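Me: Hi! Could you walk me through this model, beginning with the ligand site?

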Amino acid sequence: MKNTDVKFHDLAPQANDFHADVIKGLSNQPRMIPPKYFYDKRGSELFDAICEQQEYYPTRTEISLLQYYAREIAERIGPDCILVELGSGASEKARLLFDALKPTGYMGIDISKEFLLDATKKLSRDYPWLEVHAVCADFSQVLEIPKHYQEQQHIAFYPGSSIGNFDPDEAVIFMEQIAEMVGPEGKLLIGVDLKKDEDILNAAYNDAAGITAEFNLNLLDRLRNELGAEFEDGAFMHEAFYNGSDGRIEMHLVSTKNTALTIDGKTFRFHLGDSIHTENTYKYSLDEFEALARRAGFDVEQVWTDRKDLFSVQLLAVSNRP
Ligand SMILES: C[S@@+](CC[C@H](N)C(=O)[O-])C[C@H]1O[C@@H](n2cnc3c(N)ncnc32)[C@H](O)[C@@H]1O
């Protein structure tokens with residue numbers, strides 16, 4: 001039966017969540033805004049442009065792993081599953097699995113509504129045999145898979161090494177939630193970026209074309225356009241660096257002068273060089289990630305890596321340990 005309709009579930013966070021999170025984040029020290037707010041339509045487009053940059057190895061490495069091992073991944077998962085992608089973006093990586101995996105249904109979950117709808121409509125057109133669901137939601141809330149998929153195996157798909165955006169303790173809590181969502185027979189197929197030479201990491205988040213900088217600065221455009229924030233043009237610049245002691249890339253918006261940012265009459269003052277911390281991206285060794293997965297109630301079933309050990313795709317099974 002042909003099915004070209006996307007089933008849309010709107011659980012989008014309220015605009016006032018954005019306002020409250022920004023005011024709270026700018027009032028704390030160190031100042032921090034959660035990375036999920038990078039992603040309006042423009043942010044999603046810029047992320048896709050980052051993936052095209054020569055320095056940004058994670059996307060092309062993960063794509064080649066998924067392409068090369070799609071059949072093996074499908075064999076390990078088995079037939080008749082529902083694939084639930086967390087932070088589905090353009091859903092390009094899920095496409096690499098469909099022919100081998102032949103899932104009964106696909107559920108893309110993303111906070112960036114327009115982009116999600118666009119991507120899932122294209123999917124539904126290109127894979128008429130697939131039931132496609134688009135869920136606009138913050139995936140850190142507890143999410144349920146529709147009841148009529150009870151018979152199917154539940155597979156969560158979390159590519160892009162976005163797990164690195166959580167600090168390790170938060171990552172454990174988030175993965176426990178995924179284990180709950182997929183149930184005792186469920187699995188998690190996850191992309192995990194690996195520790196490596198710092199120069200490679202620093203270059204990846206400071207591409208020569210300045211796309212990552214634009215992506216970071218787009219957050220300020222959102223503050224101005226959606227929250228009416230007032231600040232001088234050029235008052236902040238992009239900064240990204242590997243913090244070796246914490247094992248993470250940090251991304252900041254750093255003030256280029258003594259300046260101020262005002263939202264709703266509330267003024268936040270910045271000295272030259274003060275930062276708004278916008279993202280962490282933790283990098284793991286295979287052993288570190290296995291230990292993290294075990295804490296969250298998963299066993300590592302299979303790990304696929306590239307020849308240079310830049311990136312890994314891992315299949316985790318919900319653990320049946322007592
Ligand atoms: C780094 S991109 C990865 C996109 C795609 N999965 C890939 O691997 O290329 C992160 C995606 O997650 C979405 N996202 C970020 N935080 C989110 C959240 N808290 N809830 C739902 N979606 C989120 C963004 O809109 C974006 O599409």
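Predicted model: local features only at pLDDT ≥ 70, side-chain atom pairs only at ≥ 80, totals over all residues.

Me: Which residues come nearest to the ligand?
Reply: Gly87, Lys93, Asp110, Asp138 and Phe139, out of 16 residues around the ligand (a heavy atom within 4 Å).

Me: And which polar backbone atom is 2.7 Å from a ligand nitrogen?
Reply: One of glycine 87. For isoleucine 111, a backbone N or O atom lies 3.2 Å from a nitrogen atom of the ligand. Aspartate 138 uses its side chain, with an N or O atom 2.9 Å from a ligand nitrogen.

Me: How much of the ligand does the protein bury?
Reply: The protein buries 90% of the 580 Å² that the ligand exposes when taken alone (Shrake-Rupley method, 1.4 Å probe).

Me: Switching to the sheet: what's the strand order?
Reply: S1-S5-S4-S3-S6-S7-S14-S13, an open sheet of 8 strands with mixed pairing (strands are DSSP runs of E, at least two residues; a pair needs at least two bridges). The edge strands are S1 (6–11) and S13 (298–305).

Me: How do S13 and S14 run, parallel or antiparallel?
Reply: Antiparallel, joined by 7 bridges. Phenylalanine 298 has valine 318 in S14 as its bridge partner.

Terms used: Residues numbered from 1 in each chain as written. Heavy atoms only, no water. Polar contact = N/O pair within 3.5 Å; in protein donor to acceptor, adjacent residues only side chain to side chain. Helix = DSSP H or I, 4+ residues; strand = E, 2+ residues; numbered from the N terminus.
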